[in-house]
Amino acid sequence: MNLEPKDPEATTGSLKRVGDRLQSFMVVFGYTAFLRSMDWLTTGLALMAGLGEGNPLQAWLMETGAAYYFAFQWLGVLVMALLMWTVSQRIGLWKTLLFETGILLYPIIHNTIMIAVSSMMAR
């Protein structure tokens, strides 16, 4: 019984496709984690400035405790990355990253503006 593949090029090509897909997932995951980290940073700064969390789901998660908050946040990053990666298989990686930027940049900008306005009003 011969276990060697009939066409070594077919095996190499399929491994390359798997590697390319894994690499594109890692790009999407890293980008998602970066943008979410920026949201967490600006949310933390807003809370330190005395502002509240505007998203009711996030506010509830904060009340559940740090361990649950941390676990749900990273689960959200993984789910968002998987969703965006799946979309990228259809429309392309750059279009997906641009779309994700639009979605996740909104809370970062919102938090930054709220911090700036709060600090100007405190003077």
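Guide: Let us begin with the word helix: helices here are DSSP runs of H or I with at least four residues, numbered from the N terminus. Gln 58 lies in one of them, helix α2. Please bear in mind that this is a predicted model.

Visitor: How many helices and how many strands does the protein have?

Guide: The secondary structure consists of 4 helices and 0 strands, and the order from the N terminus is α-α-α-α.

Visitor: What makes Gln 58 count as buried or exposed?

Guide: A residue is called buried when its relative accessible area is under 20%. The value for Gln 58 is 14%, and therefore Gln 58 is buried.

Visitor: Which residues does Gln 58 touch, leaving aside those up to four places away in sequence?

Guide: They are Arg 36, Glu 53, Tyr 69 and Gln 73. With Gln 73 there is also a polar contact between the two side chains, at 2.6 Å; the cut-off for such a contact is 3.5 Å.

Visitor: What caps the N-terminal end of helix α2?

Guide: Asn 55 does, with a side-chain oxygen 3.0 Å from the backbone nitrogen of Leu 57. Just after α2, Gly 65 has a positive phi of about 120 degrees.

Visitor: Why is the pair Asp 39 and Arg 36 called a salt bridge?

Guide: The term requires a side-chain nitrogen of Lys or Arg within 4 Å of a carboxyl oxygen of Asp or Glu. In this pair the closest N and O atoms are 2.5 Å apart, and the pair meets the requirement. The structure holds 1 salt bridge. Side chains of opposite charge can pair when their charged atoms come close.

Visitor: How far apart are Asp 39 and Arg 36 along helix α1?

Guide: They are 3 residues apart, so about one helical turn separates them. Both Asp 39 and Arg 36 are buried.

Visitor: Which residue has a side chain joined to that of Asp 39 by a polar contact of 3.2 Å?

Guide: That residue is Asn 111, which is placed in helix α4. The relative accessible area of Asn 111 is 12%, so Asn 111 is buried. Besides Asp 39, Asn 111 touches Thr 42 and Thr 43, not counting residues up to four places away in sequence.

Visitor: Which residues make up the largest nonpolar core?

Guide: This core has 10 residues, among them Phe 25, Val 28, Met 80, Ala 81 and Trp 85. The elements giving two or more residues to this core are α1, α3 and α4, and the largest share, 4 residues, comes from α3. A second, separate core of 5 residues includes Ala 33, Trp 40, Leu 61 and Tyr 69.

Visitor: What share of the protein counts as buried?

Guide: Of its 123 residues, 24% are buried. The protein exposes about 8900 Å², of which carbon and sulfur atoms supply 71%.

Conventions. Residues are numbered from 1 along each chain as its sequence is written. This is a predicted model: local features need pLDDT of at least 70, side-chain atom pairs count only at pLDDT 80 or more; totals for chains, interfaces and linings use all residues. Side-chain values use heavy atoms; hydrogens and water are left out. A polar contact is a pair of N or O atoms within 3.5 Å; within protein, one must be able to donate a hydrogen and the other to accept it, and residues adjacent in sequence count only if both atoms are side-chain atoms. A nonpolar core is a set of buried Ala, Val, Leu, Ile, Met, Phe, Trp, Tyr and Cys residues joined through side-chain atoms within 4.5 Å. Buried means under 20% relative accessible area, exposed over 50%, partly exposed in between (1.4 Å probe, protein chains only). Contact means heavy atoms within 4.5 Å. Accessible areas come from the Shrake-Rupley method with a 1.4 Å probe; for residues, only the protein chains shown count as cover.
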